[in-house]
Amino acid sequence: MADAHIVLAYSRDAGIVAIAGGEQYPWAHTALEESGFRRGEAGVYRLPADDADAARATVAGLISCAERHRTSVSTSSRRFIGDAARDIARLLPGQWSATVEIYSHPVWQEDLVPWIWDSGELGRALQTERIPYAATLTDMVHGTTLLLTERPGRQLDYLIGAFAPKGLEEGYGDPHAPRSIVLPPFPGRAAQAVADRYLPSYEHAVHARRTAAISTVLQHIRSERDTWQAMAASARYSDATPLSVNALGAATEEFLDHSWRSFLTVVDHAPTLLDRCRPASSPWPQDAAVLSRLADAVADAEDLLEEAVHSGPLPPRERRARAWPAIETWLSDGETFLRQARVSAPHRRPALAMSAPPRPLPAARPAPRR
């Protein structure tokens with residue numbers, strides 16, 4: 001591909017659209033502007049197609065102008081990615097917005113890689129193929145953000161996957177990540193595949209990822225607690241160096257502070273998972289009382305956080321004294337929660353009603369990633 005290139009496509013709403021790319025993409029911008037294209041939202045250039053003869057003349061002029069600016073021009077065999085995304089968004093259950101994203105410079109595409117939460121074809125394509133543009137679909141209620149791209153090497157199909165959900169952004173390479181799916185070029189069938197196949201898979205993956213995050217944090221705090229207890233009992237560091245009373249006090253404070261910071265992961269993710277647990281329907285109905293204690297402990301920690309937000313940080317000694325009982329409850333009974341969470345399931349989103357007429361699309365908001 002040339003150092004600068006332009007891809008032309010047709011949009012039913014905007015007429016002929018042009019997307020510039022390449023390491024020297026400013027050359028393409030110059031050619032478009034000199035030829036009469038006007039830059040619009042998200043960096044997409046537009047040429048109204050009301051007058052077909054004038055549009056053809058402008059495109060012919062663009063090709064000549066682009067040559068002078070060392071820029072190649074190609075025509076997409078697909079409709080504009082923004083139209084495809086908006087058509088799917090209108091059909092999905094709930095309130096979805098669609099936004100076009102342009103990755104003119106290859107580095108911009110590379111910036112996407114850490115944020116895509118995918119174990120399938122989309123994740124691989126972003127790392128190995130040039131994808132100069134895409135579209136995001138955002139659930140305005142749940143915050144789920146999907147990425148729609150044209151499938152590299154195919155004339156018609158699309159790929160759709162997801163960004164890592166809020167609070168789990170470190171999920172790059174995560175084995176719990178869902179697999180992206182291939183979508184056909186027909187909006188109804190594509191929306192059906194997203195609603196019936198992809199979103200349920202995504203919700204199960206988020207559930208598993210949240211559960212694993214809590215499990216990891218509890219194991220980490222237990223390990224640090226064991227180390228601290230051994231050090232306090234022996235009055236020595238791990239290398240057998242004698243431990244003074246002052247040093248023991250400092251080590252205790254450090255352990256409690258670090259435990260609280262780690263426990264915030266539990267505070268973030270446990271409420272949603274606790275809400276899904278149904279001990280009466282599980283093999284361990286007796287777990288109900290334990291889950292209630294765990295929920296109370298999380299509520300106490302949330303109160304502590306809320307006080308810090310509204311009244312300012314608490315004195316360290318008071319925060320440690322109030323936080324530790326909640327942490328200790330989870331260290332004692334966390335395994336009961338984990339077995340309940342692992343046999344529970346996320347709530348299903350509303351089913352796709354294909355017979356329903358398309359709804360007006362909510363106003364788009366800027367994509368939250370990159």
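Which residues of helix 3 are buried? They are Ile81, Gly82, Asp83, Ala84, Ala85, Asp87, Ile88, Ala89 and Leu91, where buried means under 20% relative accessible area, exposed over 50% and partly exposed in between, with a 1.4 Å probe and protein chains only. Because nine of the 11 residues of helix 3 (residues 81–91) are buried, this helix is largely enclosed by the rest of the structure. Helices (H or I, at least four residues) and strands (E, at least two) are DSSP runs, numbered from the N terminus.

A word on the model comes next. This is a predicted model, in which local features need pLDDT of at least 70 and side-chain atom pairs count only at pLDDT 80 or more, while totals for chains, interfaces and linings use all residues. Residues are numbered from 1 along each chain as its sequence is written, and side-chain values use heavy atoms, with hydrogens and water left out.

With contact defined as heavy atoms within 4.5 Å, and with neighbours within four places in sequence left aside, Ile81 meets Val100, Tyr133, Ala134, Ala135, Leu148, Thr149, Glu150 and Tyr158.

A pair of aromatic rings is described by the distance of the centres and the angle of the planes. Here, rings of Phe, Tyr and Trp (its six-membered ring) pair if their centres lie within 6.5 Å; planes under 30 degrees apart count as stacked, over 60 as edge-to-face and the rest as tilted. Six aromatic pairs are present in the structure. One of them joins Trp330 and Phe337 in an edge-to-face arrangement, at 5.0 Å centre to centre and with 65 degrees between the planes. Trp330 counts as buried because its relative accessibility is 0%, and Phe337 is likewise buried, with a relative accessible area of 0%. Elsewhere, ring pairs link Trp117, Tyr198 and Tyr202 into a cluster.

Charges also sit over rings, a label used if NZ of Lys or CZ of Arg is within 6 Å of the ring centre and within 35 degrees of the ring normal. Arg78 lies over the face of Tyr158, 5.3 Å from the ring centre. The charged end of Arg70 is placed over the ring of Trp27, at 4.2 Å from its centre. Arg70 belongs to the loop between helix 2 (52–68) and strand 5 (72–79), and its phi is positive, about 55 degrees, although Arg70 is not a glycine. At 59% relative accessibility, Arg70 is exposed. Ala42 also has a positive phi, near 65 degrees. Ala42 is located in the loop between strand 3 (38–39) and strand 4 (45–47), and is partly exposed at 37% relative accessibility.

Two histidines deserve a look. His207, in helix 6, is buried at 6% relative accessibility. The side chain of His207 reaches the backbone oxygen of Ala341 at 2.8 Å. Beyond its neighbours within four places in sequence, His207 is in contact with Leu273, Arg276, Ala341, Ser344, Ala345 and Pro346. His29 lies in helix 1 (residues 25–35) and is buried, with a relative accessible area of 13%. Not counting residues up to four places away in sequence, His29 touches Ala20, Arg39 and Tyr45.

Finally, the cysteines. With a disulfide taken as a pair of cysteine sulfur atoms within 2.5 Å, a search of the whole structure finds zero. Cys65 is buried at 3% relative accessibility, and Cys277 is buried at 6%.

Conventions. Polar contact = N/O pair within 3.5 Å; in protein donor to acceptor, adjacent residues only side chain to side chain.
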